[in-house]
Amino acid sequence: MDSAIAAALVTTPTAVLAASAAYAAGLHQARGARRGPVDAVRRQHQRDAYAAFLGAATTYAYETRLTRNQERALAEPSAGDEDHVDRVERRSWELRAEAAELIDPLQRTLPVVLLEGPKHIAELAQEASIAAHMLRSGAPQFVHRRTASDPQAVQRAREEHARLVDAIDAFTIAARDHLNESPDQVADAA
């Protein structure tokens, strides 16, 4: 066999492999160039949706905190005709119930997160929303009780609020991790 033919036979598979690898790399690069701007816009929409939901959720959690409403009740002027402790206690539960009704900003931001996804983040946002609704539905019943003399009621209210805060924290961590993934990790997950 001629040495030129032997050399061609030996180098041909290498050339074919190199050409195939270059072709695959070119396809991947072209896909990235095409999808890059779309992915960047999508990621920004997700970031905006997550931030709006997180802002509404944390505001709701702050406004429904027991200590927040006790501070607000203490700041209100007293009429003088009732016991100060009873008035502050009753008024703090009234203020908490009023704050619990203000769930609309949270509910307006939830559908966008549900649409933007991904699924695990949408589910965590839904859990936070459910926890807020549970807090909202339970808040009015505390107004009609003597809560200081009912430690179980106070404990239940604290647990409802803690459930909301935990759900918001889980959403925050998952959203942050998702948004900080590299574009290659996001493309691989899709």
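Tutor: Start with helix H4. In H4, the buried residues are Leu106, Thr109, Leu110, Val113 and Glu116. Buried means under 20% relative accessible area, exposed means over 50%, and partly exposed is in between (1.4 Å probe, protein chains only). Helices (H or I, at least four residues) and strands (E, at least two) are DSSP runs, numbered from the N terminus.

Student: What should I know about the model itself?

Tutor: This is a predicted model, where local features need pLDDT of at least 70, side-chain atom pairs count only at pLDDT 80 or more, and totals for chains, interfaces and linings use all residues. Residues are numbered from 1 along each chain as its sequence is written, and side-chain values use heavy atoms, with hydrogens and water left out.

Student: What comes just after H4?

Tutor: Gly117 does, with a positive phi of about 60°. Then look at the peptide bond from Gly117 to Pro118. That bond is cis, with omega near 0°. Pro118 sits in the loop between H4 and H5.

Student: How do I read a salt bridge?

Tutor: Look for a side-chain nitrogen of Lys or Arg within 4 Å of a carboxyl oxygen of Asp or Glu. The whole structure has 8 salt bridges. One of them joins Arg42 and Glu116, at 3.7 Å from N to O. Arg42 is in helix H1 and Glu116 in helix H4 (residues 104-116), 74 residues apart, so this pair links distant parts of the chain.

Student: How does a salt bridge inside one helix look?

Tutor: Begin with the general idea. An α-helix has 3.6 residues a turn, so residues three or four places apart point the same way. Now the case here. Arg91 and Glu94 form a salt bridge, with their closest N and O atoms 3.2 Å apart. They are 3 residues apart in helix H3 (residues 84-101), which means about one helical turn separates them.

Student: Which residue does Glu101 meet in a salt bridge?

Tutor: Glu101 meets Arg136, at 3.1 Å from N to O. Glu101 lies in helix H3 and Arg136 in helix H5 (residues 119-143), so the pair ties together parts 35 residues apart in sequence. Glu101 is partly exposed at 38% relative accessibility. Arg136 is also partly exposed, at 28%. Elsewhere, salt bridges that share partners join Glu76, Arg91, Glu94 and Glu98 into one network.

Student: How can I check the length of H3?

Tutor: Compare two spans. The expected span of a helix is 1.5 Å times one less than its number of residues. H3 has 18 residues and should span 26 Å; its end C-alpha atoms are 26 Å apart, which agrees. Its buried residues include Trp93, Leu95 and Arg96.

Student: How do I describe two aromatic rings?

Tutor: A pair of aromatic rings is described by the distance of the centres and the angle of the planes. Rings of Phe, Tyr and Trp (its six-membered ring) pair if their centres lie within 6.5 Å; planes under 30 degrees apart count as stacked, over 60 as edge-to-face and the rest as tilted. By this rule there are 2 aromatic pairs. Tyr50 and Phe171 have ring centres 5.9 Å apart and planes at 85°, so they are edge-to-face. Tyr50 lies in helix H1 (residues 3-63) and Phe171 in helix H6 (residues 151-179), so the pair ties together parts 121 residues apart in sequence. Both Tyr50 and Phe171 are buried.

Student: What is the other pair?

Tutor: Phe53 and Phe171, with centres 5.0 Å apart and planes at 70°, so this pair is edge-to-face. Phe53 lies in H1 and Phe171 in H6, so parts 118 residues apart in sequence are tied together. Phe53 is buried too. Tyr50, Phe53 and Phe171 form one aromatic cluster.
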